[in-house]
Amino acid sequence: MDHAELNTEQVLKRDIPWETYMTTKLISGTGLQLLRRYDNRAESYRAQLLDDDGPAYVRVFVSILRDIFKEETVEYVLALIDEMLTANPKRARLFHDKSLANEDTYEPFLRLLWKGNWFIQEKSCKILALIVSARPKTQDGVVANGEASNSKKKFTTIDDVLKGLVEWLCTQLRKPSHPSRGIPTAINCLASLLKEPVVRSSFVQADGVKLLIPLISPASTQQSIQLLYETCLCLWLLSYYEPALEYLATSRTLPRLVDVVKSSTKEKVVRVIILTFRNLLSKGTFGAQMVDLGLPQIVQSLKAQAWSDEDLLEALNQLEDGLKDNIKKLSSFDKYKQEVLLGHLDWSPMHKDPLFWRDNITCFEENDFQILRVLITIMDSSNDSRALAVACFDLSQFIQHHPAGRVIVTDLKAKERVMKLMNHESAEVTKNALLCIQRLFLGAKYASFLQV
């Protein structure tokens, strides 16, 4: 059977020769007794054994994973642990029992993430995430496993585990080990681990944020809705982390989230996106981007729907109020600047408003004519004919309204770019490129007679 398609139930049907392992001294006599008592028993009986002597069973399971490398046995023990934690996730606390202070309980799972087949990798990831999340917190931070004061061995620290997990998760998102389960497993694990500060910083440093963006798209099947929800949950957790914000602001994150929230009827998906928007609203340029993306209207239509979740309704009200404040604060030039910097050029009213150009023409001088430089870059690199037409038109307006417009635009070497666009396949682009060239050659005095 293909190991990628194995499941816990099939693995647990195997007979493992525990006695043979004892005779070769790979497990102790006590270990054998515990295994005989536990193996192939009813769940209720096993539950009682774990209640009575849980840490002893954890020690046996971890020692087998540390000392025995036979694939069938490793899979079997991982299946036993997975079954035990699935029945009661609180049992993950057993791995942190004081009696295991001399055991490196993390190491075998961390090693198996990279060494095993897909069944082994998936179970190791799931188990590690549960054990890590169940560790006891101390006032000064975190107790690492196996940190007994009399221990001479070097133990796997919690930071080693979290960084190792993040590395494996990013690898799965880039190049999944399993075609259909690699990415969902990684996202599911990330959604529980991104609460950890070390995981957030490691994930951002590993350039992991960009791996989430392609997964934000409208979903229809149950599996894809769950994956979308957990991806959005990751983004919500990252929205609390300052270093992640820069990437979220300059990528397609917001437009994609807006597309999803417009079309999704799944309450939990809508809730986590709205909570993310609420977090981001007051930070950087997010508020202005949200206004540009039409979020105020979307929030109004979402409020009109019958949601049962009170947190969602409260978040929608808060988001609506915050967006209204943002609209009040945004001057017309701020909106314009936002549009240009994001490359989302369209025929919004300000482009053709003479008052806008007259009142704001000196603002174009900011940051060494940054906005003009971006307009020229758009002419060079954009494939969107609407954006190209608007960029040409705006450049012509600058020439028209700025006393040194022709000289500045010529110095920025815009003429060659505009000339190229006069041969563009779109009539809208060629018309505005021609207008720009005419203004460049004729100067403001004569160009004012030119009509668009």
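Leucine 434 counts as partly exposed because its relative accessibility is 38%, where partly exposed lies between buried (under 20% relative accessible area) and exposed (over 50%), judged with a 1.4 Å probe and protein chains only. The structure is a predicted model, in which local features need pLDDT of at least 70 and side-chain atom pairs count only at pLDDT 80 or more, while totals for chains, interfaces and linings use all residues. Residues are numbered from 1 along each chain as its sequence is written, and side-chain values use heavy atoms, leaving out hydrogens and water.

Leucine 434 belongs to helix α25, residues 427–447; helices are DSSP runs (H or I, at least four residues) numbered from the N terminus.

Salt bridges come next. Side chains of opposite charge can pair when their charged atoms come close. With a salt bridge defined as a side-chain nitrogen of Lys or Arg within 4 Å of a carboxyl oxygen of Asp or Glu, the whole structure contains 21. In one of them, aspartate 380 pairs with arginine 417, their closest N and O atoms lying 3.0 Å apart. This pair links distant parts of the chain, since aspartate 380 sits in helix α21 and arginine 417 in helix α24 (residues 414–421), 37 residues apart. Aspartate 380 is partly exposed at 45% relative accessible area, and arginine 417 is partly exposed at 25%.

Glutamate 366 and lysine 337 also form a salt bridge, at 3.8 Å from N to O. Here helix α21 (residues 366–381) is linked to helix α19 (residues 332–342), the two residues being 29 apart. Elsewhere, Arg59, Arg66, Asp67 and Glu103 are joined in a network of salt bridges.
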